[in-house]
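Work through the exercises below with the structure open beside the text. Try each task before reading its solution.

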Amino acid sequence: MIIDPAGFDQDLEQVHWGEMENFDLQRLVNRNPGIVKTVLINGRLAVDDEEFSPSFGREMGYGQFIPAR
């Protein structure tokens, strides 16, 4: 993950509500746009310039799900 430290100057007391897809519910979320610029998972680009890669979630190679025991 590549972080832009300039994004840490945001007001963290603001309240944001986000839609839970497929559940018709609202949830309290902490939004900090501008902090995370790039994310690599298993050496593959998953997020670039705050946008998901088109292959993320559609192609293999990003790792695997580890179920709870």
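The model is predicted, so local features need pLDDT of at least 70 and side-chain atom pairs count only at pLDDT 80 or more, while totals for chains, interfaces and linings use all residues. Residues are numbered from 1 along each chain as its sequence is written, and side-chain values use heavy atoms, with hydrogens and water left out.

**Exercise 1. Salt bridges**

Find the salt bridges in the whole structure and state which parts of the chain each one ties together.

Solution. 
- Step 1: Apply the criterion, a side-chain nitrogen of Lys or Arg within 4 Å of a carboxyl oxygen of Asp or Glu. The search finds two salt bridges.
- Step 2: Take the pair Lys37 and Glu50, whose closest N and O atoms are 3.5 Å apart. Lys37 is in strand 4 (residues 36-41) and Glu50 is in the loop between strand 5 (44-48) and strand 6, so the bridge ties together parts 13 residues apart in sequence. Strands (E, at least two residues) are DSSP runs, numbered from the N terminus.
- Step 3: Take the pair Arg44 and Glu59, with 3.0 Å from N to O. Arg44 belongs to strand 5 and Glu59 to the segment after strand 6, so this bridge ties together parts 15 residues apart in sequence.
- Step 4: Classify the accessibility. Buried means under 20% relative accessible area, exposed over 50%, and partly exposed in between (1.4 Å probe, protein chains only). Lys37 is partly exposed at 28%, and Glu50 is partly exposed at 35%. Arg44 is partly exposed at 24%, and Glu59 is partly exposed at 45%.

**Exercise 2. Aromatic pairs**

Describe the geometry of the two aromatic pairs.

Solution. 
- Step 1: A pair of aromatic rings is described by the distance of the centres and the angle of the planes. Rings of Phe, Tyr and Trp (its six-membered ring) pair if their centres lie within 6.5 Å; planes under 30 degrees apart count as stacked, over 60 as edge-to-face and the rest as tilted.
- Step 2: The structure holds two aromatic pairs. The ring centres of Phe52 and Phe56 are 5.5 Å apart and the planes stand at 5 degrees, so this pair is stacked.
- Step 3: For Phe56 and Tyr62 the centres are 5.1 Å apart and the planes stand at 90 degrees, so this pair is edge-to-face.
- Step 4: Phe52, Phe56 and Tyr62 form one aromatic cluster. Within it, Phe52 is exposed at 61%, Phe56 is partly exposed at 28%, and Tyr62 is buried at 11%.

**Exercise 3. An exposed residue**

State where Gln64 is placed and how far its C-alpha atom is from that of Asp24.

Solution. 
- Step 1: Gln64 is in the segment after strand 6, and at 70% relative accessibility Gln64 counts as exposed.
- Step 2: Gln64 and Asp24 are 40 residues apart along the chain, and their C-alpha atoms are separated by 28 Å.

Note on methods:
Helices (H or I, at least four residues) and strands (E, at least two) are DSSP runs, numbered from the N terminus.
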